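Please open the model in your viewer and keep the selection tool at hand.

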Amino acid sequence: MGRRMRGRGELELADRREAERPTWDEARIARHDLTGPRYTSYPPATHFRPEVGAAEWARAAAASAARGGPLSLYVHIPFCSRVCYYCACNRIVTANRGVGAPYVSRLERELALVVAALGEGRTLTQLHWGGGTPTFLAAAELARLMTAIRGHFSLVSDDAGEFGIEVHPGDLVPEQVFFLRELGFNRLSMGVQDFDPEVQAAVNRHNDPEQVAALLAAARRAGFHSVSLDLIYGLPRQNRARFARTLEEVIALGPDRLSLFNYAHLPHRFKVQRQIRAAELPSPAEKLALFRDAWERLAAAGYRYIGMDHFALPGDELARAQEEGRLARNFQGYTVRRADELLGIGVSAIGELAGVYFQNHRDIARYNAAVDEGRLPLERGYVRSAEDLLRGRVIEELMCHFRLDGRALGERFGVDFWRHFAAERRALEALAAEGLATFEGEVLRATPLGRLLVRRLAMVFDAHLAGDGGRERYSRIL
Ligand SMILES: C[S@@+](CC[C@H](N)C(=O)[O-])C[C@H]1O[C@@H](n2cnc3c(N)ncnc32)[C@H](O)[C@@H]1O
Ligand code: SF4
């Protein structure tokens, strides 16, 4: 009986894979593969303004304190010991480990300022440390930071919370993985990018598959709930044969989740990317082939395409949350425990309080100066209108669940949905004619091709896109 059950399960999986397989129609993809925002916020951070600062923050914090609901906390730790040439993150490359302790002191001071306004003891359902490379910090510094956070907030139980940290495998030994689990982290994401030596040399990033395997094994033994690996396609010297080998190695490691990022080559914005030789980059057609091969291999290995860049095994919480309609999206990408409000601490960190976005100084000297003077290190922000909030929720719904049920959303938001979005509906009907979506009465569903190009569908609802000063600020969709 067990065998029959398994047989049926496998059949269902294969059927589902078939139903979800995009029509890899190159011409059609090329037509819709525009540049566009990644919608980790709406509107995107390019719209944040310096006028939105301390006064708005104080108002939003008072509203949040009165409400008192659960929070998410993001902590940015910018340091890396070595630069990767493709990097588009806010990071500071230094060999000086001495910068860690003063930075942690400033994070402690910033936390104290924030909590003084928000109230002590608020519940944290989600905690994420990103970078840079959080594990650049010494064990004692990591522990100090976690103690400060636990001192100000009440973290929900290990079962109920999403407590994640980004790690660079080259920086880490298995014992540190156990230490991170002891600190309270239950999700780990590890940057691999590519295992091929030629590609690694071209981007100055070296990870050894055996080392990654040892870290993954340690994470499993330590009881991490989920381990995710980051890969990038579109890197210099990548080709189908090389990337196929990387994927084979990655699939053999069996991470619960995978992020497959499209390499965003924006050398005018990220100077270090000028180290990359444009002639070594794969062409758009080769890049699409890399993505297509990866999609097919991952699907064949049982991974489900969650949405923009993300794949997960069916048993992973991300896949289950999507199945159950409770997936959400915030600045860290897809999430299952998003609180309505998000605090961001550290240089460049972004948060959202009472419907207002805030971003800290992206320049470390300014960040340091503000905190040293006892001021919140705010650089810019954005007060969202009721229309922004509505559009933001619609975009999030689309990015997470690939469908919009006009009637249900209308009831939820108190609008006559498709009447309110009549122009958007017409634009979506044109995209439906192109095979990106279908309409069934009030319900819009992205087709498998539309799922890949979901940003294209989301952009229809972006009322700020026209005045965006040129989309070259953004990366291409695929
Ligand atoms: C902050 S890093 C992860 C932690 C750690 N610093 C590391 O590199 O392993 C976040 C991820 O962003 C991705 N990334 C960085 N620059 C990128 C770019 N230009 N295009 C696409 N993905 C990028 C990489 O996959 C990287 O692992
Ligand atoms: S990819 Fe990660 S390790 Fe490399 S420079 Fe960027 S943040 Fe640092």
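Start by selecting β4 (122–131), β7 (187–193) and β8 (226–233): each of these strands supplies at least two residues of the shell around ligand 1. Helices (H or I, at least four residues) and strands (E, at least two) are DSSP runs, numbered from the N terminus. The model is a predicted one, where local features need pLDDT of at least 70 and side-chain atom pairs count only at pLDDT 80 or more, while totals for chains, interfaces and linings use all residues. Residues are numbered from 1 along each chain as its sequence is written, and chains are lettered from A and ligands numbered from 1 in the order in which they are written.

Now show ligand 1 itself. It is surrounded by 18 residues, the closest being A88, H168, G191, D230 and F261; a residue is near a molecule if its C-beta atom, placed from the backbone, lies within 6 Å of it. By class, this shell has nine nonpolar, seven polar and two charged residues. Here Ala, Val, Leu, Ile, Met, Phe, Trp, Tyr, Cys and Pro count as nonpolar, Asp, Glu, Lys and Arg as charged, and the others, Gly among them, as polar.

Move on to ligand 2. Among the residues around ligand 2 are C80, C84, C87 and C89, and you will also find R91, H168 and G191 there. Its shell has five nonpolar, five polar and one charged residues.

Nine of its 10 residues are buried, so β4 is largely enclosed by the rest of the structure. Buried means 20 or more other C-beta atoms within 10 Å of the residue's own, exposed means 12 or fewer, and partly exposed is in between, with C-beta atoms placed from the backbone.

Next, select β15 (residues 350–353). Four bridges join β15 to β16 in an antiparallel run, and Q359 of β16 is the bridge partner of I350. In the hairpin of these two strands, with two residues between them, A354 takes a positive phi near 45 degrees.

In α12, Y367, A370 and V371 are buried. Seen down the helix axis, the buried residues fall within an arc of 95 degrees, so they line one face of α12; the arc is that of the directions from the axis to the C-beta atoms. What covers them includes α4 (100–118) and β16. Just after α12, G374 has a positive phi of about 80 degrees.

For the last stop, find H47 in the loop between α2 (26–32) and α3 (54–67). H47 is partly exposed, with 18 other C-beta atoms within 10 Å. Leaving aside neighbours within four places in sequence, H47 is in contact (C-beta atoms, placed from the backbone, within 7 Å) with Y382 and H464.

Note on methods. Two residues are in contact if their C-beta atoms, placed from the backbone, lie within 7 Å. Two strands pair if DSSP finds at least two bridges between them.
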